[in-house]
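Subject: Structure handover

Hello,

Here is the structure to look over. My notes follow below it.

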Amino acid sequence: NGDGTLVLGGINTFTGGTQTASITKANLTLTGTRVYNGATAFTAADLSSLATGVAGETFALTGSGTLSTKNVQTAQQLGDVSGLTLGVSGNGGLAGNYNTLAPANSSVSVTKAPITISTADVVKTYDGTTTATGSPVFLVGQLFGTDVLTFSGLGPTYVFANQDAGTGKTVIVSGINVNDGNNGQNYTRTLANNTSSTINPFVVN
């Protein structure tokens, strides 16, 4: 208007003279997902090596943050981000327009690690029973850190599907669990029967 008043949407916002306005810094967000590995480190690669700002602006990211717990979790804040370093933006963002990285602006998830456990091949001589003496082996995955296998009752159970002599015999596996400090919930555990064991014929003298 001619009187020096700036009109926005019919509302008189500034009147006469020199006016000042402030633009506050925006936050950068950190998001990512990785599979359980027994550690609390959450690397920049787990965060897609990016910090995300407004209007699609992104910044390169290096280093590593820290989880509050090593366990499987969904949409939780990082416990510490001091090990992460903000790099340059590849699409026009200016770091000066943003606050420093903060745990409160992070959301990360850790998914279960898949493991499949069976037994090594069992070989015995026919004795009229299905008893098998096996030893656990991993077909898929592994345990991490201090996590260990635990066994139900007196130990794992290995049993031949039948007592007859032959090759390519099936040994049924059961009673194997995981102690990971989280009731085994850091793993997706599958027990697989062994199908390449042998019961040799009993030799009658």
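First, a term: contact, or touching, means heavy atoms within 4.5 Å. By that rule, and not counting residues up to four places away in sequence, Leu101 touches Leu28, Leu30, Ala51, Leu61, Val81, Leu84 and Leu86.

Some ground rules. This is a predicted model, where local features need pLDDT of at least 70 and side-chain atom pairs count only at pLDDT 80 or more, while totals for chains, interfaces and linings use all residues. Residues are numbered from 1 along each chain as its sequence is written, and side-chain values use heavy atoms, with hydrogens and water left out.

Overall shape

The chain has zero helices and 18 strands. Both are DSSP runs numbered from the N terminus: helices are H or I with at least four residues, strands are E with at least two. The C-alpha trace spans about 120 × 35 × 30 Å along its principal axes. Buried residues make up 30% of the 205 residues. Buried means under 20% relative accessible area, exposed over 50%, and partly exposed in between, using a 1.4 Å probe and protein chains only. Of the contacts with a separation of 6 or more, 65% are between residues 24 or more positions apart.

The core

A nonpolar core is a set of buried Ala, Val, Leu, Ile, Met, Phe, Trp, Tyr and Cys residues joined through side-chain atoms within 4.5 Å. The largest one here has 32 residues; Leu30, Leu61, Leu78, Leu84 and Leu101 touch the most other members. Elements giving two or more residues to this core include strand E6 (58–66), strand E9 (106–111) and strand E15 (166–174). E10 gives the most, with three residues.

The sheet

Four strands form an open, mixed sheet in the order E11-E18-E15-E14. Its edge strands are E11 (123–125) and E14, each pairing on one side only. Two strands pair if DSSP finds at least two bridges between them. Three bridges join E11 to strand E18 (residues 194–200), and the two run parallel. Thr125 stands opposite Asn200 in E18.

Ser89

Ser89 sits in strand E8 (residues 84–89). Its relative accessible area is 18%, so Ser89 is buried. What does the side chain of Ser89 make a polar contact with? The partner is the side chain of Asn91, at 2.8 Å. A polar contact is a pair of N or O atoms within 3.5 Å; within protein, one must be able to donate a hydrogen and the other to accept it, and residues adjacent in sequence count only if both atoms are side-chain atoms. A polar atom of the Ser89 side chain also lies 2.8 Å from the backbone oxygen of Thr58. Not counting residues up to four places away in sequence, Ser89 touches Thr58 and Phe59.

Two positive phi values

Most residues other than glycine have a negative phi. Ser48 has a phi near 60°. Ser48 lies in the loop between strand E4 (41–43) and E5, and is exposed at 53% relative accessible area. Ala55 has a phi near 55°. Its place is the loop between strand E5 (50–52) and E6. Ala55 counts as exposed because its relative accessibility is 81%.

Best wishes
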